Structure formats: structure tokens, C-alpha cells
Amino acid sequence: MKPEHPEAVAQYPRPPRLERVEGPVRVVLGCEEIASAEQYLRVCETFHPPTIYLPPESFRPGCLHAAGGRPSFCEWKGLAAYWDLSCSNGAERRQRIAWSYPAPTPAFAALAGWISLYPGRVDGCWLEGEAVTAQPGHFYGGWITSWTLGPFKGDPLHPELI
């Protein structure tokens, strides 16, 4: 559910907080809605817009493909596995634009198997009915909405937030 008041990411905690939220999420790639859910998990960390995770069953069949390459490591969540996304017929496949934590740390156990993605690498993401803006930069996967107040890590106007 959309917060009643804007949230300043500078006030988010470190280590991050994990929240289960009831509310709509949509993801479009090509001309197809490839994922849709009525609940999501969000990770809120200092100076990051929330990272949104969807249950794997929210993706249409044929849209998720295990990606090769090396995993990455998060000090809070553990080892991440990567996914390619495509339209359900395999068209428009985009490499390593989503990730999950198959065996997250105990503090983030609820994330096991849920999938996040870079909103700037698909054709559209909507959270609580609002179009999402991608977090600046190529490394971070935060979802910016009108109720998320920066500055954000990755913003070239704020290089001090590394």
C-alpha cells in the first residue's frame, strides 16, 4: 500500500529493512505485461529508493530465463542469481536484468526465490498504479515514485553518495 506521506530515503535504515506490501505491481517488456502481482517485498536502505521484489509466479510463463555468468554478493542478503527476461514467446530477451536470492541470509529469508529487476531495462514498471522511474546509474535497481524523496545513490549530481 502506498505510504500516506513521502519517504526520505536518507531516513531509511542501514542495515536495510525488508517489508511485505499489499499493492499492485506491473512490469511491461515489449508490448506485453510480463509480470503482475498484488503484493510485493521491498528493501529500504539508506539513500536507495526501494528495491521491489515480486513472487516468481507473478511472471508469465516463458518470460524468466536463468542467466549465466557469475553471481554477485550483497553484504546483507547474500549471493544473487541473475535472470534474463523476455516476452512470453521468447522475443525481446534482455540479459541479466533481474536477480533473486536463492538462499538469502536469515535476516532476509523472506526474499528466497522472489525476483527483482532493473526498472530502466524494461519498457515500463508501475508500482501502486504509478509509473516508476529507475534509480540513476547502471548498478542500482531502485524504483523511484512520487512518494520517494532523494537524493539517491547513483545520482551524478550527488557523487558523495557512493
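**Close-up views of strand pairing and nonpolar cores**

**View A. Pairing of strands β5 and β7.** Strand β5, residues 64–66, runs antiparallel to strand β7, residues 78–85, and three bridges join the two. The model shown here and in the following views is predicted.

**View B. The hairpin between β6 and β7.** Strand β6 comprises residues 72–74 and is antiparallel to β7, to which three bridges connect it. A hairpin of three residues links β6 to β7. F73 has L79 in β7 as its bridge partner.

**View C. Pairing of strands β7 and β8.** The two strands run antiparallel and are joined by four bridges. Here L85 faces R94 of β8 across the pairing.

**View D. The largest nonpolar core.** This core contains 24 residues, and the members that touch the most others are V27, L54, L85, L117, V122, L127 and W143. Two or more residues each are contributed by β2 (17–29), β3 (32–44), β4 (51–54), β8 (94–100), β9 (115–117) and β10 (124–127). Apart from this core lies another one of 13 residues, including Y53, C74, Y101 and L111.

**View E. Surroundings of L127.** With residues up to four places away in sequence left out, L127 touches P24, V25, Y40, I52, V132, W143, T145 and W147. Both L127 and its contact W143 are listed among the residues that touch the most other members of the largest nonpolar core.

Conventions. Residues are numbered from 1 along each chain as its sequence is written. This is a predicted model: local features need pLDDT of at least 70, side-chain atom pairs count only at pLDDT 80 or more; totals for chains, interfaces and linings use all residues. Side-chain values use heavy atoms; hydrogens and water are left out. A nonpolar core is a set of buried Ala, Val, Leu, Ile, Met, Phe, Trp, Tyr and Cys residues joined through side-chain atoms within 4.5 Å. Buried means under 20% relative accessible area, exposed over 50%, partly exposed in between (1.4 Å probe, protein chains only). Contact means heavy atoms within 4.5 Å. Two strands pair if DSSP finds at least two bridges between them.
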